[in-house]
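Reader: I would like a close look at one part of this model. Please keep to what can be read from the coordinates.

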Amino acid sequence: MVSKKKKKYSSGEGAQFMTRKAALKKLQLSLKDFRRICILKGIYPREPRNRKRAQKGAGGIKTLYHTKDIKFLLHEPILWKLRELKVYQQKIRKARAMKEYPRMRKYLRDYPSINIDHIVKERYPTFVDALRDLDDCLTLCFLFSTFPSLKRVPRDQSLLCRRLTVEFMHAIIAAKALRKVFISVKGYYYQAELEGQTITWIVPHHFSFQPQSKDEVDFKIMSTFVEFYTMMLGFVNFKLYHSLNLVYPPKLTAAFSDTDKELVDEQAYVAERIAAMNIPVIKLTGANETEELPEMDIFQTEGEDTQKLEEAKQEAEKVKKLKTMFNGLKFYINREVPREPLVFIIRSFGGEVSWDKDLFVGATFDESDESIAYQIVDRPSMDKQYLSRYYVQPQWVFDSVNARTLLPINKYLMGAVLPPHLSPFVDKTRDQVYKPPEERELLDPNFKPLNEEESGSDIEEASDEDKEEDSEPEDPEQALTKQYQQELQEESTSEDEDGEGGDMDPEKKKLKKEKKKAMAVTTGVPHKEHPYQKEIEDKQAFRLREKLVRKKHRNLYKSMKAGQEKRKKEIWLLRKKRRLHDEKAKQEKKAEKRKQKLQAIEAASV
Amino acid sequence: MPEIKKKKHVSKKNKKDWRKHCDIRDVEEFLEDQRLEERLGRFDSKPDEELFVIDTQGGDEIQEVKTITTVKPCSAKERKRQKLAETPKCFEVLLPTSKVKDPNAKRNHVNPSGTKPTALSKITEIKRLKKGVYEKKVEVARKNRKIALDKKRRAKQNSNTFDVDLWGKDTPEAKGIPQTLCDEFIPPEAQLHNVLPDRRLRPKPAPPKTVVSRAAVEAPHPGISYNPSFKEHQELLQDVVQHEQKLMKREAHLHRVTTGMFSKVTQQERENQWREEMSTGLPQPHNPANDPEPESDGEYKAINPPVQNKKKDHKARRKQKERLAEKERLKRLKVEKKKITDLYKLRQLQSSIYNVHKRQAEEREKRAAKRAVEETTALPALNAHKTPKKEPEFVDPQQLTGDLRQINTKVNLLRDRYESLQRRGALAAAKLMMKKKKRVKSYFKSGHKVTDQDVDRFLKRSAGKK
């Protein structure tokens, strides 16, 4: 018996994939609808391992989809809705063609909307999943919130984006979740941390809308993406507000109501949006004012883990400090400064903000308020200045957030040439690069270059010989133990002297001595830890663990370690070079000065 | 000879067999005739005029004349008119098919009950009108319509309210219970009756790796800061320069292998070439300079002089044999010797093999690492169109004012997003085709044309009127 011949491409990669055309036929959808449902459901085209086989022998590059993906789509109830919509659209078209305008208007009014709540839940089974995918969503929503009504974008979409983004910013403010900010030429980069997920998004600079050239971006597709993302952001907002004990939806202003009958200009919209950000959100009754995070527990473990834990703890402390950085500080923003990012940042770290109440709505206090701590200005000089406040440039706020402390303002004063605005989004591998002391100072406000004081003035130089005499202040505990030991020694010597004075027969003496020896309390020697003992043990343990690295990863590990060593060495070498150079320069300077002094003395004596 | 049919003997014992083998066609025919007569009437009773027609015209000539008259086809409109009189096809079913007449010739028409207002109903109608029932009915209808509309509108707005904790456990909506069943009066059994199972039968395959692993918002280059440090900005510019150089190199290469491959020829040279090509094979005028020089002094020489087959003698043969044998012997000796020396060479061989293997392993590793790096950054090929590569952002040094107030940008963030989606494989690359506007040729309908003559005529006429 000959078994039935298997058809080619009926199994394996040929059966796994499906061209877009086949998918359209299978789902009985138009291309437009298919694109839409794919975006909504998160179905993406695939790249096969072997294209020729996947395309069933056909050449060229076709858009392929997983057959399973398409079969999955087949079960979607929205599919039926889309088909119904098609019929509905035909009705509208017919009414228009027949010039039955009342009927057409009725159809347009009753145009059925598709509910996609269940898709959000399906694509993101947990809240954390949704947060993880929020980057794209936020960037697009912030971008669309600046758009006017466009041809291929539904009219209410930008309005909805505006509402949702402001709500999200409020949630970030309430959660104090903002971590990093960066002003780039592209826009403002923000990074927040929610439920352990870092979320990064870009907010464009506020310009008037620039018309997009039509052949660059498919607006219809982007609008579909935004349609899904607004839905997702709405539910994320709801969840965030509830976890923060806030009322959702928050009552912000009338700006986001649907009454767009009155023409409001763009500026007014923006002003209202910023004003909305300055309003504290209503808390649920019975909610605690401050939620203290439990302090991190450190479990005793060895080696690098403790180091990592220590680092983590420090990080947590820094973050805690950052969260309350602007607490109780009042800021006044001059009118030339972009308000939106500043209000968002200052409010999210606990500060209070206000602006010119004549120009924009939502100001909370006046410029003449004496309790204002900082006024943010972006102009070289001002006519009227208050003594009670600092006048700083906006970059100070951003740099302070990135440094996680209030930076000294002397470099950011009004009219000063600003230090460069560095990106906080640099990866850690860049740490293993030599940085000259000047750069290190920029990055780390606590870093003190060694020769700063010495190079400063003559007095310091004169007294640098005295410096050596100053002994370092010891630990008080160490001093105490030293004293105690000295006292003990003194006592023991005196006792010995006493013993020698007495006269007794040698036998008794011997016995007594023995007895005494048995009874004697030997002087306690304080347990002295070998200072390097622990380190040595740690090192040994570390080496042992190194040996346990699997053979698969051993080479990688070795090369990593070697690279680290190499970079460390380079840094060390360059630092040494710099130190030697600095010392040499200093000595030369000193010699020069001494020479000058001598010359002056000689000149005076002659 | 006519064939004599053999009579077949069949059993007609039972009723079934009887029926099977009895020819009852004639009886049935008769009955059929009778039924027909009943329907159409008997032939004998009908007058001849009904059954026969006197052919008064006769012959084929007449028929021809008839055809000529009927040739004229009627227009579509006329055909429609003709059809107007016919009973529509859809009503044909309602017509009686039988020719049997209704035995009751005069039947009374009976209206269905309720169609005619009775005296009693008239009174009640008046009463209800007085009561204002009809106005109320209209009112209720209007109200209902409004409620329905409101409901529709609310359903539409529902999509923007976000009042469900989607990731909560306890809400019925989260379980997938339809909204119509979310009511406190509906028992939980009824609510849960139609809920889909948690786990779908056909789970969705995992999304492509590129979509999952690649960051949506990449960490920005520190050089694109609005007020970058000198070093970082220089690094950014270096990146841009390198990128641009790569492009230029590629372009130069393309030029070299395409346009540059063909040497340029002047017009004159080309003509000469053409002339030469066209005149190949044609008899050339005799040129004595081209004649080959005679080598010898006119002596005859055959092209293929005869060859003599000189045989080798015995000695030569023997010598040759010996030579070959010696050669073979030496060869064998060499091989034997090599076998012995190879034994001593074993370590060297081993080490050389080891080295080769090591080198190959290293190369393999390098290749794998390179492939891995490429895989993480490779652009997905999802379409015949190429996915746009990520280009380093260029910040013009003159654009940097170090001032937040005067910041200006040329970056199109939307395009950036769009291309990022394509680079992550969430979208297939596409070349957007704009719809071309149809170029409509405009012309005047002949009757509506206004020429100069028309204008003149109009002016004349208007002048004459005055």
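In what order do the 3 strands of the open sheet in chain A lie, and is the pairing parallel or antiparallel?

Author: This is a predicted model. In chain A, the open sheet has the strand order 3-4-5, and its pairing is antiparallel. Strand 3 (178-183) and strand 5 (197-204) of chain A are the edge strands, each pairing on one side only. Neighbouring strands of the sheet are turned by 15° against each other on average, with direction ignored. In general, the strands of a sheet pair through backbone hydrogen bonds, in either a parallel or an antiparallel way.

One pairing can be followed down to residues. Strand 4 of chain A, residues 187-194, pairs with strand 5 of chain A in the antiparallel sense over 8 bridges. Within this part, E193(A) stands opposite T198(A), a residue of strand 5 of chain A.

Chain A is 606 residues long, and 26% of them count as buried. Of the contacts in chain A between residues at least 6 apart in sequence, 62% join residues at least 24 apart.

Chain A also meets chain B: 68 residues of chain A are in contact with 53 residues of chain B. On the chain B side, the elements giving two or more residues are helix 7 (133-157) and helix 14 (413-423) of chain B. Helix 14 of chain B gives the most, with 5 residues. By class, that side of chain B has 33 nonpolar, 11 polar and 9 charged residues.

Technical notes: Residues are numbered from 1 along each chain as its sequence is written. Chains are lettered from A and ligands numbered from 1 in the order in which they are written. This is a predicted model: local features need pLDDT of at least 70, side-chain atom pairs count only at pLDDT 80 or more; totals for chains, interfaces and linings use all residues. Two residues are in contact if their C-beta atoms, placed from the backbone, lie within 7 Å. Helices (H or I, at least four residues) and strands (E, at least two) are DSSP runs, numbered from the N terminus. Ala, Val, Leu, Ile, Met, Phe, Trp, Tyr, Cys and Pro count as nonpolar, Asp, Glu, Lys and Arg as charged, and the others, Gly among them, as polar. A residue is buried if 20 or more other C-beta atoms lie within 10 Å of its own, exposed if 12 or fewer, and partly exposed in between; C-beta atoms are placed from the backbone. Two strands pair if DSSP finds at least two bridges between them. Axes are lines fitted to C-alpha atoms, for helices over the stretch in contact, and angles run from 0 to 180 degrees between N-to-C directions.
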